[in-house]
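Work through the exercises below with the sequence and the model open beside you. Try each task before reading its solution.

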Amino acid sequence: MKSFDVAIIGAGPAGMASAIEATRNGLSVIVLDEQPAPGGQIYRAIETVSDQRAAILGTDYLAGRDLAAAFRNCGATYVSGATVWNIDNGLKINYSRAGLGSDQISATSLVIATGAIERPTPMPGWTLPGVTTAGALQILLKAHGAVNDDVVLVGSGPLLYLVATQMLTARYAPRAIVETTPAGRLIKAARHLPRALTAFSYLRKGLAMKRKLHKSGIPFYANARAVAIEGTTTAQAVIFQSGGKSHRIETTAVALHQGVIPNQQITRLLRCEHDWNANQHCFVPRLDAFFQTTVENIYVAGDGAGIGGAVSAALRGRLVALRIAEKQGKDTIARQNDVLKKLKADQAIRPFLETLYAPSPENLLPADDVMVCRCEEITAGQIRHAVDLGAPGPNQVKSYLRCGMGPCQGRMCGPTVTQIIADHRKKEVGEIDYYRIRPPLKPLALAELAAIESEPTRHTPL
Amino acid sequence: MNNRLSADLLVIGAGIHGCSAALHAAKRGMSVIVIEKDTAGRHASGVNAGGVRRLGRLFPEIPISDRSMKIWNNIGDLLDDDCGFQKSPQIKVAENQAELEKHRERVRKLNEMGFHHETILSRSELQAHLPAVSDHCVGGLASLEDGFALPYQTTFAFQRKAIELGVRFYENTRAQKIRRDGTDWHVITDNGTFSGRNILNCAGAWAGEFTRQLGEPAPVEPIAPMMIVTSRMPRFCNAVVGATGRPLSFKQMQNGTVVIGGGLRGIADPATNASHMLFEKLRQTAQTAIAIFPIMQKAAIVRSWSGIEGRMPDDMPVIGPSSIHENAFHAFGFSAHGFQMGPGVGELMAELIATGKTNSPIEPFRISRFTNSC
């Protein structure tokens, strides 16, 4: 089994920047990433994107090119197509190589750079074929240049507008934008404006996007509520209330978005402590100033450490690498301070965005008949009933109803289940906690397990 | 005794045995308090393989297992919850003639003892029960009237019915010290002191500490039997299946997922409630499953888990009164095969505590087998 000073999981901005900084400081580094090429979700296909597609995706996206190039040249061992399925407490990491069997490596320090996932958006009809997420639309655009010409965008958050703008630039404007941000959010968010103004470039870009969308004539519905997707075997229409009226828009495709939340599967697996972040409406691993978790030598960089965006992700990745190098005897304090300063400046916009685009209450606490666990088909009402019977938390509800036991291991229902239990028991969300996550992190072929080395001592060529 | 913190019976541990004993004691009119350091069914009782199995049991366990089976067969009447219990054959597959001969020998012995629930399956009978079984399997040993249930649903149902009958549960309450004062037992916890006429130790992997405090230490080893579950597969198996020469427990659930265990152990850490999987070992489980059911070549594992269980050196539980103290009792150390026995052991413990005797033969399970030379 090969050992490294640092194992980094994920080759998005945080993982790439971390690898660059760590190798620069003389550390041996392995980067394991599920995708065929570096970039993560934000810079997906950054190395191969055509000029035409690049023009649609914009300059923020293209900023990933230099980072990916530097990453390619940094000397880290980079394994693409690697699905990490287990990490044990000794930082032995098992990963699967797309049909080629499993390998195992070990590391002294672990950097979890697995980023964010889109917040699950349970609502009536959200499991119908034809319903997807804004992030998924963007992946199709980045990786394949594919744009659907019959989409209604529903939800809230910067990504929703970014995707709409990119679709518009690609000349396939969405049929409509249904914004679920409740009225009055802008006023609430306004108190964070002074700090946000120090990150003016973000505000300017956001305003420019909104202006462009406004001028385009795409139908826009504000403060939408009672949102549901109609259809029997596939999505047929979005229905909602807005401006005191009921609306029904026929469409074959709906893209939902309620912001993004940290992907906590690995930090949960490793039993790191997490805290509820009321501003971001999600659990965030408890981290020190250098992004180390409550478990020694395990760090989280990027959006997994709390949503901060791509620029902050790369800065966090660098900071973590500098900290690990410092622990191994390198003098990196001055550079750490420099990165910390930039990080603080880049984060100035977040409180404003978090308040303005807080997720829709309808999605956080869906009605009884709404499906919450898609894998096992468990509704919000069943979860409330289990709580009424006496199941105190997510793990008991999981054992009782099987929600969170399917192939996604709770990624799609965990946040909602916790939220529903907290609300139903009138407790703080942080007190209710979350599912225990068990390996494998992603489904693993039984035949692949049957073929792993029984004594993991062999040297594996990487 | 109707004080908030006192009762006729104090039970330590809200696993299936603690909950079942509490329920049956309440049915006999006793006031009962159950003290649980976590929540009911948090460990082995809530996450085991769910086998309701008489097949292959150690001979001394069979009468109690039989008693329990009678309760299982009407579990819905007792608990107002079906516990996900389904009758199903339990089959131990023989992969060669030597294994099959061993099974024949066992059936002969059982018949001599007057038990007839286990039978030999010929190769063609095996294939009729298990069309997907590998061709190399030569037959098997079966108990056709066994079954399986959903372990957490079952333990939770016992707890709820017990509560309905007046049992008081104190969860997230850790028993620290047991002491005796006159005729009363006191259990000192991090959440107050509880008092009762009788005390029952159902603390599973954590039971050893209480036996030590009672002056009759029993060697309970915390173990973490590992389980895996696959994504849904087309229905191919309607029995609970084990192997003979290698560890395996295998069943396809109603929803199509396949649960595979067999007793290979991960690492148990009873101090933190954590258990760790050892995939180098689970490799063997995967190989066995594929060898016996070739269709498993296409399966994908979606989750693995383990619950902390108490194991005794002879793999037999401790069931019965304290060897030293009056009104102190034990039911623990079921060594990864106690789930099926839960309903019956709870019933007999309540009988024993209430009346001072039971008809069930519990002598082989006495705690003194570890303290005395006999």
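**Exercise 1. Describe the surroundings of strand S15 of chain B.**

Step 1. Strand S5 (residues 90–94) of chain B pairs with S15(B) in the parallel sense over four bridges. Strands pair here if DSSP finds at least two bridges between them. Helices (H or I, at least four residues) and strands (E, at least two) are DSSP runs, numbered from the N terminus.

Before going on, note the conventions. This is a predicted model, in which local features need pLDDT of at least 70 and side-chain atom pairs count only at pLDDT 80 or more, while totals for chains, interfaces and linings use all residues. Residues are numbered from 1 along each chain as its sequence is written, and chains are lettered from A and ligands numbered from 1 in the order in which they are written.

Step 2. A residue is buried if 20 or more other C-beta atoms lie within 10 Å of its own, exposed if 12 or fewer, and partly exposed in between, with C-beta atoms placed from the backbone.

Step 3. S15(B) also runs antiparallel to strand S16 (residues 249–252) of chain B, joined by two bridges. Gly242(B) has Ser249(B) as its bridge partner in S16(B). Five residues connect S15(B) to S16(B) in a hairpin.

**Exercise 2. Describe the hairpin of S17 and S18 in chain A.**

Step 1. Strand S17 (residues 274–277) of chain A pairs with S18(A) in the antiparallel sense over four bridges. Asp275(A) has Val284(A) of S18(A) as its bridge partner.

Step 2. Four residues lie between the two strands, and His281(A) in the turn has a positive phi of about 55°.

Step 3. S18(A) spans residues 282–285 and is covered on both faces: Cys282(A) and Val284(A) on one side are buried, as are Phe283(A) and Pro285(A) on the other.

**Exercise 3. How do helices H1 and H11 of chain A cross?**

Step 1. Two packed helices are described by the angle between their axes and the distance between the axes. Axes are lines fitted to C-alpha atoms, for helices over the stretch in contact, and angles run from 0 to 180 degrees between N-to-C directions.

Step 2. The axes of H1 (residues 13–24) and H11 (residues 309–327) of chain A come within 7 Å and cross at roughly 35°.

Step 3. By class, the contact of H1(A) with H11(A) has 12 nonpolar, three polar and three charged residues. Ala, Val, Leu, Ile, Met, Phe, Trp, Tyr, Cys and Pro count as nonpolar, Asp, Glu, Lys and Arg as charged, and the others, Gly among them, as polar.

**Exercise 4. How many residues does each chain give to the contact between A and B?**

Step 1. Chain A gives 29 residues and chain B gives 28. Two residues are in contact if their C-beta atoms, placed from the backbone, lie within 7 Å.

Step 2. On the side of chain A that touches chain B, helix H16 (394–401), strand S22 (444–445) and helix H19 (446–450) of chain A each give two or more residues. H19(A) gives the largest share, four residues.

Step 3. S22(A) pairs in the antiparallel sense with strand S20 (residues 300–306) of chain B over two bridges. Ala445(A) stands opposite Ala300(B) in S20(B).
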